[in-house]
Amino acid sequence: MASVPVKRRLAAIMATDVVGYARLMESDEEATLALIKALQADVIAPNIERNGGRIFKLIGDGTLSVFDSATGAVECAMAIQRELVRRESESAHIVLRIGINLADVLVDGMDMFGDGVNVASRVEAGAVPGGICITDGVYHQIATRIGGAFLEGGEKRLKNIERPVRVWHWQPSHTGTVKAEPSRIAESAATLDQEKVLVRVGVTSSALPHQQEVIGLITSGLEQYLSDRHWIDVASVSTAEMGSRAYDYTVSIGVHGAGPFRLNARFLRTSATSILWSRAFDLPVDCDIDAIESVAAEIVSLVVDKVLSTAATTLARKPEASWSAYENFLYGRMLDAKHLLPEAERFFQKATELDPALIDAHAMYAIALGYRFSMDGMIERLHRAAEISRIALRLDNNHAYSQYAAALVQLAMRNYDGAKSHYAKARDLAPGDVEIRADHAELLHYVGDLETAATEIEECFRKSKYRPVWFWTSRGLIRFQQGRPDAAVEDFENVPNKSWRTLILLAAAHALRGDEERRRHNEVEARSLEPRLGPELVRRTFPYRDEGALAKLLGAFGVGA
């Protein structure tokens, strides 16, 4: 007989597991097995059937079930946990964890396979005893109906799963034998820094069935890209306990249309009625993941730009002496975004003095010091940047910007292998942060990998429509070394406030074009800004590994430089 071909389908996978199974078995094997069989027959199986699911695998003390609907899976899980609370007197020794994931899975006969199944099992292990843990895709399917019962648990790294997974938690009001345990849900909510910018992301209108997956992916992308900015906390609109704060904003996503549909994004202060911006994005029904990520990245660019400018305007009305550590940090970030990093340095320094544990401030202070070194070549400043970057790493070695700052400092010191290592970890920790990726592209160009550098910087431009000004300098450097001086000149000219570095790069690009008049003009202008400017300062502050690449830049000083 011919075998049934393997197919794919979108399904909600629910995994259940008994808490402390090994300990229970060690205590009384026969009684434990009897309790588990009764639990599966009297509670789990009937609830799964009532909610439109079926068990496709029994794994000792656990089950794996499949549902056509994410709502059905979640309502089933809630019903099971509530019933166990009600039956506490007769099942006091049995407590479940439940995990649910929505994914594209492989169907082989009556069995299910693939990462989607594995993720369900992994998130189940992270559930509170007596509770439920669901992935982000599941949450966005149920958000408008029962999402308010869940609290965000942040992004989690799961074993053998490449990308971090954002999770949400639920537990009944009483969980029997585990009621004395500290609630990890409460801990998750408490981790939100009360001074950080809090951005809520929510869906304001129901999507049609064929649109729901796209909306879920866009919302997940928004949350990922926003949370990669470590100075932003991201929450759901349903998390009412978090209240309104000074810098508290909401991104609301709505959708309409039956064919190719329009995504409406609005950004507003949570505590006010004024809309800071509103924008429509047209998407085809069959749009691919690149198109979805591009829309999410563009929305995040708009959000970040508006948050910084609005917060800075508010802060400017207060006496600077009264600013908190985080307010100093935030104002520094605004200046950095406007390509005014030297001016931002004192705000980052002040933030570290007011709060020695503020990791973001130490990382940005080190980055600002490194930039100052690139401007004046003072080795003492580079040593200070290295010292501050080490403090950031000691505070948290797994903080993306701690690694990012260390990478920049190591590059300036010409420790290329060390810089690569720190950049790799920074990118792993914040894969959606385009600023880290843009600086990584610059590193690649300094070590001579121009092809990869060009690919990387173009991806950063694609994903950051409202990009920092220094992106143009980074791309211009890469294009200049590729032998594309016209394109490099175009990029350098996009920098509004040109430092001597930008002007000397323009001079070098015009030299490569054979335009001696413009080369000389830019060199003279650069020297007027930095009287010590000469080939030696350029050698010290442009860390090229290859002498040929450096010689091309020294063409800015004319023949014989």
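Predicted model: local features only at pLDDT ≥ 70, side-chain atom pairs only at ≥ 80, totals over all residues.
Let me begin with Cys460, which counts as buried at 1% relative accessibility, where buried means under 20% relative accessible area, exposed means over 50%, and partly exposed lies in between, using a 1.4 Å probe and protein chains only. Cys133 is buried as well, with a relative accessible area of 2%.

Residues are numbered from 1 along each chain as its sequence is written, and side-chain values use heavy atoms, with hydrogens and water left out.

How many disulfides are there? If we take a disulfide as a pair of cysteine sulfur atoms within 2.5 Å, the count is zero.

Now to Ser402, which sits in helix α13, residues 400–412; helices here are DSSP runs of H or I with at least four residues, strands are runs of E with at least two, and both are numbered from the N terminus. Ser402 is buried at 0% relative accessible area, and, leaving aside residues up to four places away in sequence, Ser402 touches Ile359, Ala363, Ala392, Leu393 and Asp396, a contact being heavy atoms within 4.5 Å.

Finally, in helix α22, residues 547–554, the buried residues are Ala549, Leu550, Leu553 and Leu554. They cover an arc of only 140 degrees around the axis, which puts them on the same side of α22, the arc being taken from the directions from the helix axis to the C-beta atoms. Among the elements covering these buried residues are α17 (470–481), α19 (500–513) and α21 (535–541).
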